[in-house]
Amino acid sequence: MSIKYVATSKLPTPWGVFAMHGFEDTESGKEHVALTFGTLSADEPVLGRIHSECLTGDALFSLRCDCGFQLQAAMQNIAETGSGFILYLRQEGRGIGLLNKIRAYELQDKGANTVEANEQLGFEADMRKYDMIKPMLEQIGVKHVRLMTNNPRKVKAMKEFGIEVVERVPLQVGKNRYNEAYLKTKSTELGHMMSEYHFMDENK
Ligand SMILES: Nc1nc2c(ncn2[C@@H]2O[C@H](COP(=O)(O)OP(=O)(O)OP(=O)(O)O)[C@@H](O)[C@H]2O)c(=O)[nH]1
Ligand SMILES: [Zn+2]
């Protein structure tokens with residue numbers, strides 16, 4: 001993998017003005033983004049999130065998953081803390097791509113769970129790789145992280161790449177009647193830590 005830093009711009013959001021840093025994986029052609037807020041320290045732990053692309057949840061308001069709610073909560077937490085980062089990684093559908101995710105959703109509409117659907121399509125449950133994290137964090141100057149996630153695989157991956165995860169910060173938001181079974185499968189089959197999830201108010 002070779003990750004090339006390309007450019008930085010401002011990204012004004014409802015939670016404040018982030019900086020948006022663009023990266024290219026020159027081997028795969030994938031374009032990744034790092035958002036940063038405030039001044040990041042290389043010596044102190046920084047609040048951050050590694051977020052995998054979910055077009056349906058992040059941009060199309062889907063209630064099938066928790067992604068969009070987690071992204072918003074992470075941006076809000078970072079702004080309230082005064083500093084932090086989000087690595088927005090273009091590995092849609094846990095690495096199988098958007099169209100295969102729609103195929104997987106079709107199978108889930110017929111009764112498969114999220115893991116079974118991937119397997120019926122010939123994929124592993126989670127195909128993501130995290131080797132872009134290290135060069136991206138190097139570019140934004142982060143070495144020690146308070147990681148917002150419920151996913152133990154992300155914590156493990158960061159440690160494998162030599163980044164210290166000082167703390168795992170739970171990010172359990174957006175539970176609703178459409179993603180309840182999906183969240184349960186993430187917990188039982190993929191090892192996610194889910195103890196603090198509460199139902200969202202869908203009328204909000
Ligand atoms: N293949 C597949 N991918 C899904 C499905 N539902 C959501 N996804 C993808 O799962 C990924 C979720 O990524 P993250 O938001 O980083 O979350 P996570 O790995 O579950 O861990 P957290 O940090 O706890 O949120 C995204 O790439 C989604 O597109 C599904 O049913 N099938
Ligand atoms: Zn999602």
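Which residue forms a salt bridge with R64? D109 does, with the closest N and O atoms 3.0 Å apart. By salt bridge I mean a side-chain nitrogen of Lys or Arg within 4 Å of a carboxyl oxygen of Asp or Glu.

Some ground rules. This is a predicted model, where local features need pLDDT of at least 70, side-chain atom pairs count only at pLDDT 80 or more, and totals for chains, interfaces and linings use all residues. Residues are numbered from 1 along each chain as its sequence is written, and side-chain values use heavy atoms, with hydrogens and water left out.

Now the domains. Domain 1 covers 36–84 + 127–197, and domain 2 covers 92–126. Those bounds come from an automatic or database domain assignment. Over C-alpha atoms, the two centres are 21 Å apart.

Next, the interface. Domain 1 and domain 2 bury about 1,400 Å² between them, and 56% of that is on carbon and sulfur atoms. Buried area here is the accessible area (1.4 Å probe) that two parts lose on being put together, summed over both. R64, M127 and R128 supply 45% of what domain 1 buries against domain 2, more than any other three residues.

Contacts, meaning heavy atoms within 4.5 Å, link 13 residues of domain 1 with 17 of domain 2.

Finally, the charges. There are 2 salt bridges between domain 1 and domain 2.

Note on methods. Chains are lettered from A and ligands numbered from 1 in the order in which they are written.
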